[in-house]
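Open the model in your viewer and keep the selection tool ready. This tour tells you what to select next and what is there.

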Amino acid sequence: MPQVSLTVNGKSHTVDVEGRTLLVEVLREKLRLTGTHVGCDTSQCGACVVQVGEDSVKACTILAVQLDGAEITTIEGLAAADGTLHPMQEAFREYHALQCGFCTPGMVMSAIDLVKKHPSGLSEQEIREGLEGNICRCTGYHNIVKAIAAAAEVMNGKRSELARAAE
Amino acid sequence: MYDFAYHKPSSVADAVKLMAADPEARPVSGGMTLLPALKHRLNKPTALIDLSGIAELRGVRREGDAIVIGGMTTHYEVATHPQILAAIPALARMAATIGDTQVRNRGTIGGSLANNDPAADYPAAALALRATILTDRRRIPADEFFLGMFTTALEADELVTGISFPIPEKAGYAKLRNPASRYSMTGVFVAKGPQGVGVGVNGAAPCAFRQNEMEAALSASWSADAVAAIKQPPDDLNSDIHGSAAYRANLVTVMAKRAVADAG
């Protein structure tokens, strides 16, 4: 049985997998990191999005064996050790960017990738297009877009109203 | 998914050896089509040969009057690479519309070409730009590469290593995406290049094809009006719940006009 070594949220793990074992199965079933959700299991809905290296990927459509040596960040790895939320998580809370919450982990992970790849800022249109791979079946996109716009300002170093209000 | 063995060769030669030794083994690049197919048990390879450890399949470079893109280059890299943006911006814009962000982060140009999905974007660009597909053993002109639905000129143990696009004077792309799946219902890539005008169509038929009548019209006069009156015969086009052959035939004209406008 193949063995893979992964760094997940800063912690090293060596796990036994089958060739066919998906990353999301390792995360949820072996490492018990159940914040990464499986919605459609057909790489459409984006509930399983995690960060691999610099990129967001759908963890239901990548084999664990392909990731030997990779650095992976899941929704559980975003907040600081003292519980301080990542600016994207904070913005999702502030703008109530969720209804049932099932899609939220994937939305947050995709949104962080989107903001990091647009350091000079994001238009509403770019945010909406950037969320193409994430489906919210509550159709609660409006507040998600607002939250990402606000978090983008914080992450890009501009002091937003949100940040000022928090001080 | 049925289980399979896993290999990760570090050279093209080793990958081809593994493919030749086991006809039931399959190469995997981004896996954006192959893994969903395996999940549905549509395919039962004995082994997957992961191409991600092969350095010679990566990179984008200019060779004379062409841009050569390594097979393992992701759609995201094609969409954002400075040399591609400068030389063939329409190709970069096309890559930015493939799937979604996460698919573009994993999916590769070599995988897309070798898979030859009827709705894949790149084949239309390869045909219109008169590209050459590079493999471990030969160079195949795009016109001779795409043979039919999910069928190419590749031999069983032959690997796409890259693709060479002659740099065009101008090029443009337009497609209508299925509102649900976001796959191309019909897309048209137009180019005016060193080897003449090319018009490549995807999504409409079982395999991407060149629209010769439009190529002749655009050669005579490069304008959206020149293709506006040209009707694509619906005879061999796809017909499904998303659109009839006649609907797709009409889209060929509409998308061609928009692609010419996109090219400027």
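**Before you start**

This is a predicted model: local features need pLDDT of at least 70, side-chain atom pairs count only at pLDDT 80 or more, and totals for chains, interfaces and linings use all residues. Residues are numbered from 1 along each chain as its sequence is written, while chains are lettered from A and ligands numbered from 1 in the order in which they are written.

**Stop 1: all of chain B**

Select chain B. Its secondary structure comes to 12 helices and 14 strands. Helices (H or I, at least four residues) and strands (E, at least two) are DSSP runs, numbered from the N terminus. The radius of gyration of chain B is 18 Å, close to the 18 Å that the globule rule gives for 264 residues, so chain B is as compact as a globular protein of that length. That radius is taken over C-alpha atoms, and the rule is 2.2 Å times the number of residues to the power 0.38. The C-alpha trace of chain B spans about 55 × 45 × 30 Å along its principal axes.

How much of chain B is buried? Of its 264 residues, 52% count as buried. A residue is buried if 20 or more other C-beta atoms lie within 10 Å of its own, exposed if 12 or fewer, and partly exposed in between; the C-beta atoms are placed from the backbone.

Now look at contacts, meaning two residues whose C-beta atoms, placed from the backbone, lie within 7 Å. Among contacts in chain B between residues at least 6 apart in sequence, 62% join residues at least 24 apart.

**Stop 2: residues 1-170 of chain B**

For residues 1-170 of chain B, UniProt lists "domain: FAD-binding PCMH-type" in an unreviewed entry. UniProt positions are given in the numbering used here, feature names are shortened, and annotations may be inferred rather than shown by experiment. This stretch is 35% helix and 24% strand, with its end C-alpha atoms 45 Å apart.

**Stop 3: the five-stranded sheet**

Colour the strands of chain B in the order β4-β5-β10-β6-β7: these 5 strands form an open sheet with antiparallel pairing. β4 (60-63) and β7 (139-141) of chain B stand at the edges, each with a single partner strand, so one side of each is left without a neighbour in the sheet. Neighbouring strands here are turned by 25 degrees against each other on average, direction ignored. Axes are lines fitted to C-alpha atoms, for helices over the stretch in contact, and angles run from 0 to 180 degrees between N-to-C directions.

Walk across the sheet. Two strands pair if DSSP finds at least two bridges between them.

- β4(B) pairs with β5 (residues 66-70) of chain B over 4 bridges; R62(B) has I67(B) as its bridge partner.
- β5(B) joins β10(B) through 5 bridges; I69(B) is partnered with I163(B).
- β6 (residues 132-135) of chain B joins β10(B) through 4 bridges; L134(B) stands opposite G162(B).

**Stop 4: the four-stranded sheet**

Select β11-β12-β13-β14 of chain B, in that order: 4 strands in an open, antiparallel sheet. β11 (170-177) and β14 (209-210) of chain B are the edge strands, each pairing on one side only. 8 bridges join β11(B) to β12 (residues 184-193) of chain B. L176(B) and T186(B) are bridge partners there.

α10 lies across β12, β13 (196-202) and β14 of chain B, running at about 145 degrees to β13(B).

**Stop 5: two positive phi angles**

Go to F150(B), in the loop between β8 (146-148) and β9 (151-152) of chain B. F150(B) is not a glycine, yet its phi is positive, about 55 degrees. Then find R32(A), in the loop between α1 (23-30) and β3 (49-52) of chain A. R32(A) also has a positive phi of about 55 degrees.

F150(B) is partly exposed, with 14.

**Stop 6: where chain A touches chain B**

Show both chains. The contact takes 22 residues from chain A and 18 residues from chain B. On the side of chain A, β4 (55-58) and α3 (104-116) each give two or more residues. β4(A) gives the largest share, 4 residues.
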